[in-house]
Amino acid sequence: MGDVSHARDEVRRARYAVAAVFAVHGAVTGTFATRVPWVQEHASLSAGQLGFALAFTAFGASCAMPLAGRISHTFGSRTALRGLLALWTLSLMLPSLAPNMYTLCLAMFAYGASAGMADVAMNALGVEVERLLGKSIMSGLHGMWSAGALIGSAAGTLAAHLGADARVHFALASAVLTVLGLVVCSGVLDVQPAEDEEPPPRFALPPRSALLIGAVGFCAVFAEGASLDWSAVFLRDRLDSSAGVAAACTTGFMLTMAVARIAGDAVVNRFGAVRTVRAGGGLAGLGGVLIVLAGHPALAMAGFALMGLGIAVVVPLCFAAAGHAGPNPSQAIAGVATITYTSGLVAPSLIGGVAQATSLMVSFCVVTVLACGLAVFAGVLRTAERGGRAEVSPRVAEVPGPRP
């Protein structure tokens, strides 16, 4: 009995450690997002050129993500996560050092590659802890990511308000987050593969049953990625806001995301997945309308806050729905994860391309339409089971990852 209790305590400690890893990962994203206008000005880029450079984030992640499973298989989950998270925190410095579009493209490729590999490794460990605890924790882990992003963006808001050079800001943030990452990684599970275990596959293609679910997740994550990287630019360029106010808009967006994710399980348990996503789509659509019509920074900031509130819980519910959608839950969830993750990476560059061809207002019209699509297509998250119909629970099904 003592051994069982000790093992449970270790798993609980591992849960807190992996939650801290999620927060560190999110803090890097939040730090970068608030200083995108500075990076754009430093490299003398138009909206289209900035969008093109940001596309290399998706390219880097797509190339590198398949390597994460093999790295964890080779070195064990703890060592792999420690190294990959350090690469991610250190890569934060690269965008601020880029003097032109070409060097920024290279910087964003490295930034995206390290982000994707660390993301895969930490989610695989989160799923393993969830399995050992026997209850859902993934929503809370993603809430910790949002909390970390909020802290990073709050610090970035202060730095932007003070007119700090982003090269100095990113160097200090990178140093602090690297140290924190190394410390918290010492407490995560150290999952080692069995001697006869084959390395994980490089790719997990989504089955047909996961495509509609993935499309819903695509809409939510597209809106998230667009708001995260372009909200500050929108306020600065369209509404002539100061750097501090523009950065504060990004912080407000991430605040509503964090609060909604933390409270999301209780809402879903009461109202069900479909009604929750429909209501969220309505809120996000209303937020998009406010953004597009905004003539004052306060109205646009309220719109971005509603956008964050509406889309926050969609992705965890998509993962849960995928787990009930077909005969191979792991493959379905991996497919949905691939679709949604890709959406978040390509959204910023697509927004930049549309803005270059038309305007940022038109770009956020596209975001608004996709957000409204959540309310229209939320029904695909309703799972049909033998003997009746059951709402999808907020529990996240298991995804492929390193196994003990």
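**Loops, helices and a core**

Asp240 lies in the loop between helix H9 (211–239) and helix H10 (243–271); helices here are DSSP runs of H or I with at least four residues, strands are runs of E with at least two, and both are numbered from the N terminus. The model is predicted, so local features need pLDDT of at least 70 and side-chain atom pairs pLDDT 80 or more, while totals for chains, interfaces and linings use all residues. Residues are numbered from 1 along each chain as its sequence is written, and side-chain values use heavy atoms, without hydrogens or water.

Asp240 is not a glycine, yet its phi is positive, near 55 degrees. Its relative accessibility is 68%, so Asp240 counts as exposed. The cut-offs are under 20% relative accessible area for buried, over 50% for exposed, and partly exposed in between, with a 1.4 Å probe and protein chains only. Ser44 also has a positive phi, about 55 degrees, and is not a glycine. Ser44 sits in the loop between helix H2 (36–42) and helix H3 (47–75). At 61% relative accessibility, Ser44 is exposed.

Now follow H10 onward. H10 packs against helix H11 (residues 273–293) at about 120 degrees, with axes 7 Å apart. Axes are lines fitted to C-alpha atoms, for helices over the stretch in contact; angles run from 0 to 180 degrees between N-to-C directions. H10 is therefore oblique to H11. Under 35 degrees is roughly parallel, over 145 roughly antiparallel, 65 to 115 roughly perpendicular, and the rest oblique. Val267, Val268, Arg270 and Phe271 of H10 meet Ala273, Arg275 and Thr276 of H11. Contact means heavy atoms within 4.5 Å.

Gly379 is 104 residues from Arg275 in sequence, but their C-alpha atoms are 8.6 Å apart. Gly379 belongs to the loop between helix H15 (360–377) and strand S1 (382–385). Leaving aside residues up to four places away in sequence, Gly379 touches Val274 and Arg278. Gly379 is partly exposed, because its relative accessibility is 24%.

The largest nonpolar core has 106 residues. Such a core is a set of buried Ala, Val, Leu, Ile, Met, Phe, Trp, Tyr and Cys residues joined through side-chain atoms within 4.5 Å. Phe32, Trp230, Phe234 and Phe364 have the most contacts inside it. Beyond four places in sequence, Phe234 touches Leu239, Ile291, Ala300, Phe304, Leu360, Met361 and Phe364.
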